[in-house]
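Here are my comments on the model you sent over. Have it open in your viewer while you read.

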Amino acid sequence: MVSNDSPRQYTLSLHATPDRIPQVRRIVAAHLRHWRLENILQPVSLGVCELLTNVHRHTEGDRPCVLELRWARGQFAASVADGDPRLPRLQGPQPFAERGRGLALIAHLSDSWGTQPTPDGKVVWFTLTAQPQALRPLRPLPPTPTLSTTVSVSALPPLDTPAHGLAPHPAQWCLSDA
């Protein structure tokens, strides 16, 4: 069990391909749920998808990268490192552009973001303030009524006795009776 104040970290090496990005989104969501950070699940998932999509679109070769998720002392950080030395640029507003709005979206969703050159390429990151949600105590639920507890056999008329004095119509018989 992860305590409320223990630092958390997850690192994943992957190739940023269109079929891999949705899988990584589910992995990120699972870690955030495990860390009880569900309150930031949507912005983090979207931000990570944007960073991985940028790696796919803008790097050369087979697009290897490393995703890192970290949480400590109320601060969550997600970063993606890749081997392309070109730093992304935040572009001005282009409302009808089909591309080029990923960093603007990350800037809008996060508390802070940035890029950092590395000897092997670059790292792009964003942060969010987040506190784990409190555990909800488990409480027992009453048993669900079943057919045997809601209808007693003695309440049903015998099969050979017509209900309410009417003779059963052949069309009302079960197929197994025919």
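1. First, the ground rules. This is a predicted model, in which local features need pLDDT of at least 70, side-chain atom pairs count only at pLDDT 80 or more, and totals for chains, interfaces and linings use all residues. Residues are numbered from 1 along each chain as its sequence is written, and side-chain values use heavy atoms, with hydrogens and water left out.

2. Overall layout. The chain has four helices and five strands, and from the N terminus they come in the order β-α-α-β-β-α-β-β-α. Helices (H or I, at least four residues) and strands (E, at least two) are DSSP runs, numbered from the N terminus.

3. Of the 178 residues in the chain, 29% are buried; buried means under 20% relative accessible area, exposed over 50%, and partly exposed in between (1.4 Å probe, protein chains only). Take the contacts (heavy atoms within 4.5 Å) between residues at least 6 apart in sequence: 65% of them join residues at least 24 apart. The accessible surface is about 12300 Å², with 59% of it belonging to carbon and sulfur atoms; these areas come from the Shrake-Rupley method with a 1.4 Å probe, and for residues only the protein chains shown count as cover.

4. Strand 3 and its partners. Strand 3 is mostly covered, with six of its eight residues buried. Strand 2 (residues 64-72) runs antiparallel to strand 3, joined by eight bridges, and strand 5 also pairs with strand 3 in the antiparallel sense over eight bridges. Pairing here requires that DSSP finds at least two bridges between the strands. Look at Gln-75 in strand 3: Ala-72 stands opposite Gln-75, and the bridge partner of Gln-75 in strand 5 is Thr-129. Strands 2 and 3 form a hairpin with two residues between them, and Arg-73 in the turn has a positive phi of about 50 degrees.

5. Salt bridges. How many salt bridges does a search of the whole structure find? There are three, counting a side-chain nitrogen of Lys or Arg within 4 Å of a carboxyl oxygen of Asp or Glu. I'd look at Asp-82 and Lys-122, whose closest N and O atoms are 2.9 Å apart. Asp-82 lies in strand 3 (residues 75-82) and Lys-122 in strand 5 (residues 121-129), so this pair ties together parts that are 40 residues apart in sequence. Both ends count as buried, Asp-82 at 9% relative accessibility and Lys-122 at 7%.

6. The other two pairs. Arg-86 bridges to Asp-84 at 2.5 Å between the closest N and O atoms, and Asp-84 is buried at 8% relative accessibility. Arg-70 meets Glu-68 at 3.7 Å, N to O; Arg-70 is partly exposed, at 36%.

7. Helix 1. The 14 residues of helix 1 (residues 21-34) reach 20 Å from first C-alpha to last, close to the 20 Å expected at 1.5 Å a residue; the expected span is 1.5 Å times one less than the number of residues. Which residues of helix 1 are buried? They are Ile-21, Val-24, Val-28, Ala-29 and Leu-32. These cover an arc of only 140 degrees around the axis, so they sit on the same side of helix 1; the arc is that of the directions from the helix axis to the C-beta atoms. Their cover includes strand 1 (8-15), helix 2 (41-58), strand 2 and strand 3. On the other side, Arg-26 and His-34 are exposed. After helix 1 comes Arg-36, with a positive phi near 60 degrees.
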